[in-house]
Amino acid sequence: MSPRDGDADAAALDRATDEALAILAGDHGTPGRSVGPVDGGYLPFEDPFTEEPGPAPAPAVSRETGSLDVPFDGVSFYDHRGAPGGDPMPGDVPRARDRGDGLTEIWRTVRDVSGAQGAPRRDRQRAERQPADRRPARPRDADGTAPHRPATSGGGGDGDGRRPTRHTSWATAGGIAAGAAEPLPATDRPLGEVLGRTLAAPLTALTDLPSFDTAAMDGWAVAGPGPWRLPADETGIVAGHAGTEPLRDGHAVPIATGAQVPPGATAVIRSEHGDVSDEGELHATRRVGQGQDIRPRGQECGRGDELLPGGSLITPAVLGLAAAAGYDELSVTARPRVEVLVLGDELVHEGLPHDGRIRDALGPMLGPWLRALGAEEAGTTRLGDDADALHDALAASDADLVITTGGTASGPRDHLHPALDRLEAELLVDGVAVRPGHPMLLARLAPGRHLVGLPGNPLAAVAGLLTLAEPLLRTLSARTAPALRRAVLSGPVPSHPSDTRLVPVVLRGGDGARPLRFHGPAMLRGLAAADAIAVIPPGGNTPRGQVALLDLPWTATGGGPIG
Ligand SMILES: Nc1nc2c(c(=O)[nH]1)N[C@H]1C(S)=C(S)[C@@H](COP(=O)(O)OP(=O)(O)OC[C@H]3O[C@@H](n4cnc5c(N)ncnc54)[C@H](O)[C@@H]3O)O[C@H]1N2
Ligand code: MOO
């Protein structure tokens, strides 16, 4: 491609963006130019459940980034031959063009030129064409030559937030985060200190369980067929006493639940299933089965049996099992130390929002959430929007993971990228094709020290936490991932043509996963009522309406709100 072709591309992108903005902003709702509803398919972005039509979609083809945003949510621009959804497929017929609004054409142009759906070659060439002084300062490899590049799902933009950028796919981003670190070392800790941590080695029984033949009921231990002669002194066997005399055939002895069954006993008869005659003989009132109500030694496990694999989360139940199996301490993976830096001059930390300032919703939320993910919170610091303070805090931190909130975008006060550049951090993920939360990032500050940049919008920050921080913390703490849960969606959700969408859902009531309202990027109202986060694939193509679910700490199957 010649430089002139490249200029034409850039001009086409500008033109297409201008036209799209004009249509989406100015002429929204004008007959023939509306972007929705299409076949009643338009779902208001913030409000998929309301009966009323929701707010009009905001203009969202960004002049800055060329990213395609809100109006594509739930809007099908194509008559699909295959599965429903917003993502065009080979052979699909552009419907919007048929309606005379030209939007499809514009979207295609934006997409092709920006590389949002393809054209990686053009993107690369444009990045190469960019004058050196407009290219972002990027860290160098040790040899000082090759710039570090974040992985993308295919050819990328230049990643400076001012040029079209192709983001890493959601699934790939999670994989990169999971693979970015090594598990922390193991350490032995007393049982009382290991709740919520990870077993660094398989839990192997140190004893048989039960460790002796045990009476399962209060009653009599009997030997052979009845009736049975009882001891004259009526003394019985209680729990906690070792070594009793063998029981001879035709004899019985009173026994308590949990007591060691004497050698020779063939069954335990419950106290309510036997009568003692005046002559001191025990008669069973029901048939007596061989071995009934005796828990044989080793019934649950033999010494040396693996009770749980390494990588298991230590729950209260695991603590109980470990104690029963003879452990005083366990080998656990060290907890990742996580430091949280809350950025933003606009934040207040108590009282009501005022004078354009808002409450910090992330500071109070992240610490407990991180602890639930197995991390040790090394402190939450409020930094405001101060580039030097951010740089210094990142340089000084010795945490395994630093989490920042806000400052990921390209506004005048978004200092994170410049700070990472100054620190020569290696960007592993710089933007993810997920809504909300697409500006999230993952960087390696130094070997064994990482940073996850969460976008400032609170639900977007949670998306970043689940997409990047959770897999990284799982690897650091060597914890096995829980089985992925799936559910059938019981209501409509907005989808995005090229990005994964994360939507809070409730699972109660046996009607599948019901998407919640109030799931806009700046909202926590839906999340606070949610049981899980549904993963809506790009284009909304959910096989048989099924979606994967991400656990939330308060309802998690694989790691709960403990520790
Ligand atoms: N030109 C563009 N602008 C923006 C883009 C874009 O692609 N191009 N993306 C938007 C998206 S999406 C998000 S998400 C945000 C990410 O912004 P930052 O990570 O830089 O965060 P801030 O600008 O600092 O804040 C965004 C928003 O969130 C509020 N916020 C920040 N921290 C907190 C907190 N601790 N508690 C509650 N609310 C918080 C902040 O006041 C802003 O309203 O960028 C968009 N812009
Ligand atoms: O949608 Mo942004 O990615 O989260 O507000």
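The model is predicted, so local features need pLDDT of at least 70 and side-chain atom pairs count only at pLDDT 80 or more, whereas totals for chains, interfaces and linings use all residues. Residues are numbered from 1 along each chain as its sequence is written, chains are lettered from A and ligands numbered from 1 in the order in which they are written, and side-chain values use heavy atoms, with hydrogens and water left out.

Because six of the six residues of β24 are buried, this strand is largely enclosed by the rest of the structure. Strands and helices are DSSP runs numbered from the N terminus, a strand being a run of E of at least two residues and a helix a run of H or I of at least four, and two strands are said to pair if DSSP finds at least two bridges between them. On one side, strand β23 (residues 441-446) pairs with β24 (residues 449-454) in the antiparallel sense over five bridges, and L442 stands opposite V452. These two strands form a hairpin with two residues between them, and G448 in the turn has a positive phi of about 80°. Strand β20 (residues 401-405) runs parallel to β24 and is joined to it by five bridges, with V452 as the bridge partner of I403.

These pairings belong to an open sheet of six strands, in the order β19-β16-β20-β24-β23-β21, with mixed pairing. The edges are held by β19 (376-382) and β21 (426-430), each of which has a single partner strand, so one side of each is left without a neighbour in the sheet. From one strand to the next the twist averages 20°, where the axes are lines fitted to C-alpha atoms (for helices over the stretch in contact) and angles run from 0 to 180 degrees between N-to-C directions.

Since 19 of the 19 residues of α10 are buried, the helix is largely enclosed by the rest of the structure. After α10 comes A478, whose phi is positive, near 55°.

Turning to the ligands, 22 residues surround ligand 1, and the closest are E346, D360, A361, T408 and A409; a residue is near a molecule if one of its heavy atoms lies within 4 Å of it. A nitrogen atom of ligand 1 lies 2.9 Å from a backbone N or O atom of A361, while an oxygen atom of this ligand is 2.9 Å from a polar backbone atom of A409. A backbone N or O atom of G456 lies 3.0 Å from an oxygen atom of ligand 1.

Ligand 2 is surrounded by P436, G437, H438, P439, N457, A460 and P521. By class, this shell has four nonpolar, three polar and no charged residues. An oxygen atom of ligand 2 lies 2.5 Å from a backbone N or O atom of G437, and a backbone N or O atom of H438 lies 2.8 Å from an oxygen atom of the ligand. From the side chain of N457, an N or O atom is 2.7 Å from an oxygen atom of ligand 2.

Another strand, β26 (residues 500-506), is largely enclosed by the rest of the structure, because seven of its seven residues are buried. T500, L502, P504 and V506 point one way from β26, and R501, V503 and V505 the other way. Strand β22 (residues 432-435) runs parallel to β26 and is joined to it by two bridges, with V434 opposite T500. In the antiparallel sense, β26 pairs with β28 (residues 532-536) over five bridges, where V535 is the bridge partner of L502, and with β27 (residues 514-515) over two bridges, where V505 stands opposite P515.

Definitions and conventions:
Polar contact = N/O pair within 3.5 Å; in protein donor to acceptor, adjacent residues only side chain to side chain. Nonpolar A, V, L, I, M, F, W, Y, C, P; charged D, E, K, R; others polar. Buried < 20%, exposed > 50% of the residue type's maximum accessible area, 1.4 Å probe, protein only.
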